[in-house]
Amino acid sequence: MSQVGFTGKNSNLCVDGQALWADLMQTAEFGGTPKGGVKRLTLTHEDKLVRDWFIKTCKELGCTVSYDSMGNLFARRAGQDNTLAPITMGSHLDTQPTGGKFDGILGVLGGLSVLRALHKSGYVTRHPIELINWTNEEGSRFSPPMMCSGVFAGIFKEEDILEKRDRAGIRFQDELEKIGYRGEEKCGEHPLTAYFELHIEQGPILEAEEKTIGIVTGIQGARWYEVTVTGKDAHAGSTPMPLRHDALVAAAGMITATSQVAKAHAPSAVGTVGLLENRPNSSNVVPGEVFFTIDIRDPNDAVVLEMEKELLARIKTIAEENNVSVDVVQIWDAPAVHFNKDCVAMVEQAATEGKYLARRIVSGPGHDAGYMAHVTPTAMIFVPCKDGLSHNEAESILEHDATAGANVLLEAVLKADSFFNKAE
Ligand SMILES: [Zn+2]
């Protein structure tokens, strides 16, 4: 199938950008913080309030709403042929504890603005169109992140996830039932034709290049490790340098090596040590044990593997030079995601037709779309955020970028509507 020249409907439809912005500001009040951010943790009272608002608003636009056994919400606008599986849009309404107004929320409310544009114009698509709110994308209250799109895609088992507990020991299933959002439909059984997700970039590239739209081609691969360096606690005054087994000096070398290995695979590779525990952490004791994490990522899985190989070799050598032992455990392996070429081309063509400045981009962070790509043709649309800042109360975007992103979403959905399940 050709990847260019989707006929689309060339509908001349546009989203109502002011209504979209008003929705963003209104929902930000459910869990709004004094600093202008949002704290709306999964399955809390604030999460219930925003879900109730979502359902009420979607019904006013002529949609029916259902939810599955993990509390994922589906707002459905009927099409001409309701035997076809829907073209879907979505993202998440939950936030980090000190989150902003846009991460996740823009994707859901941008989808809502698409439903509103269709409703106002009376335009009837061939497929039903559905808007999805995924439960617990953030993974802040209950781990792991992207939890319920993960169950939907068969990455996690529902029975395991229902048993997850937050730090207060409260069970996921109990909270889901308490807010009244455990549905009958088994998670993952909802049929789909394609999935599109609009999201803020959460990085600095689009803003730096003065682009309005990121055509997201995939999500980079990532591997996480836990590293324990074991030396020997010793007196800082009486232990001669050649006789030391200093775990922190060794760890310092390993941290530097992580950065160097990532830089050696420029420009796309990244390597981070973001968590470190030094023991006993006393000013006059040579550190006997250090624990830290490593996070390496690249859009190409082969590069991630190559980085891992180089890093493990460097870590081994550094441990030997410092007379310490080291234990490295890989705790997460997320292969790179490559979005559906046709869906990516639909986004690209929608951006071109809208005359938006756009570029192709690979997502650094994970998204629900990363799991959805396992089960249905998927693509994403990014819009810039100020200074690339996200997971922060100061997260900020421009109203016209939000509108542009939603318009590209609308056009991509219409192209998918005419492209998939064609009667030939
Ligand atoms: Zn998000």
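This is a predicted model: local features need pLDDT of at least 70, side-chain atom pairs count only at pLDDT 80 or more; totals for chains, interfaces and linings use all residues.

Me: Fine. Where does H391 lie, then?

Reply: H391 lies in the loop between strand β16, residues 378-383, and helix α12.

Me: And what is its phi near?

Reply: The phi of H391 is near 50°, which is a positive value in a residue other than glycine.

Me: How accessible is H391?

Reply: H391 has a relative accessibility of 40%. Buried means under 20% and exposed means over 50%, so a residue in between counts as partly exposed. H391 therefore counts as partly exposed.

Me: What about N421, what is its phi?

Reply: N421 has a positive phi of about 55°, although it is not a glycine. Its place is in the segment after α12, and at 42% relative accessibility it counts as partly exposed.

Me: Staying with α12: is N407 buried or exposed?

Reply: N407 is found in helix α12. It counts as buried because its relative accessibility is 11%, under the 20% cut-off.

Me: Which residues does N407 touch?

Reply: Leaving out residues up to four places away in sequence, N407 touches C14, V15 and Y356.

Me: Now the inside. How many residues does the largest nonpolar core have?

Reply: The largest nonpolar core has 89 residues, and F54, F172 and F196 are those with the most contacts inside it. Helix α12, residues 399-419, gives the largest share of this core, with eleven residues. In general, nonpolar side chains tend to be buried together in soluble globular proteins.

Me: What is F54 in contact with?

Reply: Setting aside neighbours within four places in sequence, F54 is in contact with L73, A75, L93, V108 and L131. Apart from this core lies another core, of 22 residues, among them Y225, M254, A269 and V324.

Me: Changing topic: which residues are the protein donors of the zinc ion?

Reply: The protein donors are H92 through NE2, D103 through OD and H199 through NE2, at 2.0 to 2.2 Å from the zinc ion. Their spacing in sequence is H-x10-D-x95-H.

Me: Where do H92 and D103 lie?

Reply: Both H92 and D103 lie in the loop between β3 (87-91) and α3 (105-121), so the pair ties together parts that are eleven residues apart in sequence.

Me: Are those two buried or exposed?

Reply: H92 counts as buried because its relative accessibility is 0%. D103 counts as buried as well, at 5%.

Me: Last topic: which peptide bonds are cis?

Reply: P267 is found in the loop between α8 (247-264) and β9 (270-272). Another is the bond from R279 to P280, with omega near 5°. P280 lies in the loop between β10 (276-279) and β11 (285-286). In general, most peptide bonds are trans.

Conventions: Residues are numbered from 1 along each chain as its sequence is written. Side-chain values use heavy atoms; hydrogens and water are left out. Donors are N, O and S atoms within 2.8 Å of the metal (3.2 Å for Na, K and Ca); water is not among the atoms, so sites may look incomplete. Helices (H or I, at least four residues) and strands (E, at least two) are DSSP runs, numbered from the N terminus. Buried means under 20% relative accessible area, exposed over 50%, partly exposed in between (1.4 Å probe, protein chains only). A nonpolar core is a set of buried Ala, Val, Leu, Ile, Met, Phe, Trp, Tyr and Cys residues joined through side-chain atoms within 4.5 Å. Contact means heavy atoms within 4.5 Å.
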